[in-house]
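Please look over the structure below, and then follow the paragraphs after it, which go from the chain as a whole to some of its details.

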Amino acid sequence: MSIIRKRYEDQLNELYKDIRRLGLRVYFSINKSIHVLTDSEITHARKLIKQDRAINELEHEINDKVVMLITRQQPIATDLRLMISALKIANEFERMGDNAANIAKIRTRVQFTDHYITMRLETMGKLALLMLKDLNDASKNRDIVLVKEIIERDIDIDDLYKDIINTTYLIDNDPFVAGQAHLVARYLERIGDHIVNIAEHMYYFYTGHHYESYEK
């Protein structure tokens with residue numbers, strides 16, 4: 001193996017590691033955002049908001065690396081799929097980080113104490129975290145079956161979102177708190193959608209084909 005080829009493969013491996021590192025940061029950010037909702041100490045929410053900068057910076061670094069690799073290395077089709085997928089996945093992770101930061105911003109305005117609300121919001125968050133964990137496992141093992149399963153599981157988050165939005169219970173509660181709960185639910189629902197998008201990008205990278213759900 002030539003020195004140039006070895007360096008190129010090392011750069012591809014570093015890109016892969018960067019994506020995993022970004023995903024791990026987002027995972028912890030989402031996990032923290034769930035906990036700050038009921039946290040009596042508001043400084044934790046403010047700290048989480050500031051930490052979103054690190055996620056943004058890492059996404060920018062990944063974008064720069066992909067552009068450099070494409071322009072300098074003239075990658076073959078498989079490697080090009082990896083690079084394009086990396087760009088898209090990094091963007092999805094960055095937007096998930098934004099959603100987690102937005103949830104923390106809501107905590108600076110209101111603290112949720114109602115068990116009915118917090119239980120459902122926390123369940124949405126935990127479902128998203130489990131999907132992310134399984135995405136990590138799927139990426140390690142190139143598990144296409146698990147990737148498909150993750151995509152289909154987003155319906156569970158969507159159902160909880162509809163339950164929070166449509167329930168009359170929240171109408172009888174404090175209007176401001178109800179409105180903020182709806183916003184949190186919306187951000188968590190969007191996190192689920194971004195995870196689905198990442199899974200579809202992974203499917204494309206592994207197969208060379210765009211994902212089609214079973215309903216299509």
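Among the contacts in the protein chain with a separation of 6 or more, 84% are accounted for by residues 24 or more positions apart. The model in which these contacts were counted is a predicted one, and its secondary structure comes to seven helices and zero strands, so that from the N terminus on the elements run α-α-α-α-α-α-α. Taken along the principal axes, the box that the C-alpha atoms fill is roughly 70 × 40 × 25 Å. Of the 216 residues in the protein chain, 45% are buried, while the chain exposes about 11600 Å², of which carbon and sulfur atoms supply 52%.

What lies in the interior can be taken up next. In soluble globular proteins, nonpolar side chains tend to be buried together. In this model the largest nonpolar core has 60 residues, and the ones with the most contacts inside it are Ile-30, Phe-93, Met-96, Phe-112 and Ile-195. At least two residues of this core come from each of helix 1 (3-36), helix 2 (43-73), helix 3 (77-107), helix 4, helix 5 and helix 7 (175-207), and helix 7 gives the most to the core, with 15 residues.

From the core, the reader can turn to a pair of helices. Two packed helices are described by the angle between their axes and the distance between the axes. For helix 4 (residues 115-141) and helix 5 (residues 144-166), the axes come within 10 Å and cross at roughly 170°. Because angles over 145 degrees count as roughly antiparallel, helix 4 and helix 5 are therefore described as roughly antiparallel to each other. The residues of the contact of helix 4 with helix 5 divide into 16 nonpolar, one polar and seven charged.

The loop between helix 4 and helix 5 is where Arg-142 is found. Although Arg-142 is not a glycine, this residue has a positive phi of about 50°. Is Arg-142 to be called buried, partly exposed or exposed? Since buried means under 20% relative accessible area and exposed means over 50%, Arg-142, at 48% relative accessibility, counts as partly exposed.

Note on methods
Residues are numbered from 1 along each chain as its sequence is written. This is a predicted model: local features need pLDDT of at least 70, side-chain atom pairs count only at pLDDT 80 or more; totals for chains, interfaces and linings use all residues. Side-chain values use heavy atoms; hydrogens and water are left out. Axes are lines fitted to C-alpha atoms, for helices over the stretch in contact, and angles run from 0 to 180 degrees between N-to-C directions. Helices (H or I, at least four residues) and strands (E, at least two) are DSSP runs, numbered from the N terminus. Angles under 35 degrees count as roughly parallel, over 145 as roughly antiparallel, 65 to 115 as roughly perpendicular and the rest as oblique. Ala, Val, Leu, Ile, Met, Phe, Trp, Tyr, Cys and Pro count as nonpolar, Asp, Glu, Lys and Arg as charged, and the others, Gly among them, as polar. A nonpolar core is a set of buried Ala, Val, Leu, Ile, Met, Phe, Trp, Tyr and Cys residues joined through side-chain atoms within 4.5 Å. Buried means under 20% relative accessible area, exposed over 50%, partly exposed in between (1.4 Å probe, protein chains only). Contact means heavy atoms within 4.5 Å. Accessible areas come from the Shrake-Rupley method with a 1.4 Å probe; for residues, only the protein chains shown count as cover.
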